[in-house]
Amino acid sequence: MKSVSFDELKAKALQNPEVQQAYDEADKELELVQLLFEMREKAGLTKAELAERLGIKPPAINRLEGNPLGASMRTLERYAAACGARLSITAIQ
């Protein structure tokens, strides 16, 4: 049996528009997770400290950082502000 490399398998899978869309969405979510983590780290805050600043319980920070696409813009803006940052969205066409 001929082996198939991961890159070949990925390229074939991404030819399917539904797979491509899911891949792009997962990539966006990963970028947002990384952004939230970096904001909190640069602010020198633990999850507990950030939760206290936001007036919420620490598990809510875990949920937000684990699923940022489920959060409202207002929530993401509050998170950023608590970290001493500001969110800016840019549309590129």
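Glutamate 65 has a relative accessibility of 10% in this predicted model. Buried means under 20%, so glutamate 65 counts as buried. The residue lies in helix H4.

What is glutamate 65 in contact with, leaving aside its neighbours within four places in sequence? The list is Val33, Leu36, Arg40, Lys47 and Tyr79. With tyrosine 79 there is also a polar contact, in which the two side chains are joined at 2.6 Å.

In soluble globular proteins, nonpolar side chains tend to be buried together. Here the largest nonpolar core has 14 residues. Leu36, Met39, Leu50, Leu54, Tyr79 and Cys83 have the most contacts inside this core. At least two core residues come from each of helix H2 (17-42), helix H3 (47-54), helix H4 (58-66) and helix H5 (73-82). The largest share, four residues, is supplied by H5.

Two residues of this core, Leu36 and Tyr79, are also in the contact list of glutamate 65. Another core residue, cysteine 83, has its own list: apart from neighbours within four places in sequence, cysteine 83 is in contact with Met39, Arg40, Ala43, Leu45 and Leu50. Arg40 is in contact with cysteine 83 and with glutamate 65.

Terms used. Residues numbered from 1 in each chain as written. Predicted model: local features only at pLDDT ≥ 70, side-chain atom pairs only at ≥ 80, totals over all residues. Heavy atoms only, no water. Core = buried A, V, L, I, M, F, W, Y, C linked by side-chain atoms within 4.5 Å. Buried < 20%, exposed > 50% of the residue type's maximum accessible area, 1.4 Å probe, protein only. Contact = heavy atoms within 4.5 Å. Polar contact = N/O pair within 3.5 Å; in protein donor to acceptor, adjacent residues only side chain to side chain.
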